[in-house]
Amino acid sequence: MSAPVTLMPVSEALERLLAAAKPFQAVQDIALIDARGQYLASAVRARVDVPAFDNAAVDGVALRYADLDEPGLTLPMHLRVAAGDPPATLMPGQVARIFTGAPVPAGADTVIMQEDCEIADGRVRLPGQETVHAGDNIRPAGQDARRDETVMERGERLTPQSVGLIASVGEARVTINAPRILVLTTGDELQPPEEMPLPGKIYDSNGPQLEQLLIQSGFPNVLREHLPDDPELIRNALTRYLTDPQQRPDVIISTGGVSVGEEDHLRAVLESHGKLDFWRLAIKPGKPFTFGEVEGLPFFGLPGNPSAVLVCYLMLVLPTLRRCCGQENVLPQPVSLPVKFSIGKAGKRQEYLRVRCTPGHQSLVLEKHPNQSSGMLSSAVWADGLAVVPVGEEVFPGDELDYFSFADLLNG
């Protein structure tokens with residue numbers, strides 16, 4: 001009788017992957033506007049103070065707080081300052097009409113909203129000090145960033161907001177991580193979706209899915225090739241990728257072909273170029289997972305079923321790629337939410353259910369798609385995230401599970 005197979009916990013697998021992650025050497029200096037969604041390879045420092053000068057946060061009146069002697073005081077407005085005007089000077093006892101974004105005149109220390117004043121015929125009727133605070137409605141110089149201050153760290157992902165922040169500090173170019181990632185699908189049973197269906201064949205979904213997962217999670221430089229179950233053709237393709245500088249990848253990801261079956265030829269070819277470690281993981285969907293190095297390049301061998309590819313990429317591969325970019329917090333924090341379903345049999349693998357958030361009586365609740373087969377993708381399209389069922393636990397309606405939204409996993 002053979003001994004039972006010991007399954008590696010997901011947490012241990014992720015720990016090993018992150019410990020093996022090495023910084024990407026492939027970096028690129030590009031225009032900021034072209035870097036959206038990618039990961040910084042070096043920190044960004046402010047070239048200027050932002051804002052560069054004290055400016056008005058509202059349309060109103062600029063003055064010295066000390067000049068607000070009593071409610072109802074009426075003063076002439078000798079100055080008018082709009083956004084883009086050069087700095088002006090306000091003498092004691094004077095007020096200035098000012099507009100949002102305009103530089104606060106020297107001598108003024110407070111801006112009163114125009115709604116709180118009575119403005120007419122070049123004069124203004126002011127409130128008293130009891131309704132105003134010194135410094136009101138002024139955005140001080142350097143409030144958002146100080147010159148030479150680090151505004152974005154290495155490893156951070158460039159969102160639209162961060163692109164705007166970097167532009168605001170005067171930087172038009174950034175250095176990003178630019179790994180080239182090779183996606184290999186294998187199997188004589190696969191055919192591309194543009195072809196007419198053939199007997200005994202199935203359409204390749206893993207290749208397109210992985211390519212789009214990589215692009216949406218910040219890795220746009222993707223090469224993709226399908227390999228037949230022929231060792232010689234596999235060897236020729238791999239040699240071409242590894243020896244051509246224009247094609248040599250920084251990461252290799254495969255689906256299928258690296259298990260222990262008679263037709264799993266990719267594994268033997270890869271092992272001749274490096275070292276692979278075959279893991280059986282306590283994860284569902286998925287279980288067979290391969291990690292190693294091929295001529296010094298990180299290699300991830302994913303299962304062949306499409307939902308298992310999705311889960312293993314999101315929970316294991318993507319966090320490792322982010323660590324290679326310099327990120328420390330590589331997984332978003334899950335949200336604990338109650339469920340509307342039950343799972344009466346405790347499993348031996350940590351299960352990632354395709355679920356959807358729906359309105360409950362008092363809060364959001366998780367609804368499970370009825371088809372959790374690892375070979376099906378329709379459930380992942382229906383779902384908006386994954387609920388995690390720990391090893392050995394049953395689940396009943398009202399129990400809370402950790403939930404990761406697809407949006408958080410891909411955009412983290």
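**Entry 1: cis peptides.** I began at P285, whose place is in the loop between β19 (283–284) and β20. The peptide bond that joins K284 to P285 is cis, with omega at about 0 degrees. As a reminder to myself, this is a predicted model, and the values in these entries are computed from it. I then went to V50 and P51, which are also joined by a cis peptide bond, and there I read omega as about -5 degrees. P51 has its place in the loop between β2 (44–45) and β3 (55–56).

**Entry 2: the sheet around β20.** Which strands make up the sheet, and in what order? I noted six strands in an open sheet, running β16-β13-β17-β21-β20-β18, with mixed pairing. The edges are held by β16 (222–227) and β18 (274–280); each has a single partner strand, so one side of each is left without a neighbour in the sheet. On average, neighbouring strands here are turned by 15 degrees against each other, direction ignored.

I zoomed in on one pair. β20 and β21 are antiparallel to each other, paired over five bridges. Within this region, E293 stands opposite P298 of β21.

**Entry 3: helices on the sheet.** Helix α1 (residues 10–20) packs on the sheet and touches β18, β20 and β21. I put its direction at about 160 degrees to that of β18. Helix α3 (residues 206–216) lies across β13 (181–186), β16, β17 (251–255) and β21. Against β16, α3 runs at about 165 degrees.

**Entry 4: positive phi.** E295, in the loop between β20 and β21, has phi of about 50 degrees. D121 sits in the loop between β8 (118–120) and β9 (123–125), and its phi is near 55 degrees. D121 is exposed, because its relative accessible area of 81% is over the 50% cut-off.

**Entry 5: the largest pocket.** How many residues line the largest pocket? I have 19 in my notes, and K22, D250, G296, L297 and P298 are the ones that lie nearest its centre. The volume comes to about 290 Å³. By class, I logged 12 nonpolar, four polar and three charged residues in the lining. β20 (288–294), β21 (297–302) and α6 (306–325) each supply at least two of the lining residues. P298, listed among those nearest the centre, is also the residue that E293 stands opposite.

**Entry 6: two residues and their contacts.** L331 is in the loop between α6 and β22 (335–338). With neighbours within four places in sequence set aside, I found L331 in contact with L14, L314, M315, P319 and L409. L331 is partly exposed, at 25% relative accessible area. I also checked L331 against F404: they are 73 residues apart along the chain, and their C-alpha atoms are separated by 9.4 Å.

My last stop was T358, in strand β23 (residues 350–359). I count T358 as buried, because its relative accessible area of 12% is under the 20% cut-off. Leaving out neighbours within four places in sequence, the contacts of T358 are K340, S363, L364, V365 and E367.

Methods. Residues numbered from 1 in each chain as written. Predicted model: local features only at pLDDT ≥ 70, side-chain atom pairs only at ≥ 80, totals over all residues. Heavy atoms only, no water. 1 Å grid on protein atoms, 1.4 Å probe; cavity = no way out; pocket = protein on both sides within 12 Å on 5 of 7 lines; lining within 4 Å. Points joined across faces, edges and corners; volume = space filled by probe spheres on them. Helix = DSSP H or I, 4+ residues; strand = E, 2+ residues; numbered from the N terminus. Nonpolar A, V, L, I, M, F, W, Y, C, P; charged D, E, K, R; others polar. Pairing = 2+ DSSP bridges. Axes fitted to C-alpha atoms, helices over the stretch in contact; angles between N-to-C directions. Contact = heavy atoms within 4.5 Å. Buried < 20%, exposed > 50% of the residue type's maximum accessible area, 1.4 Å probe, protein only.
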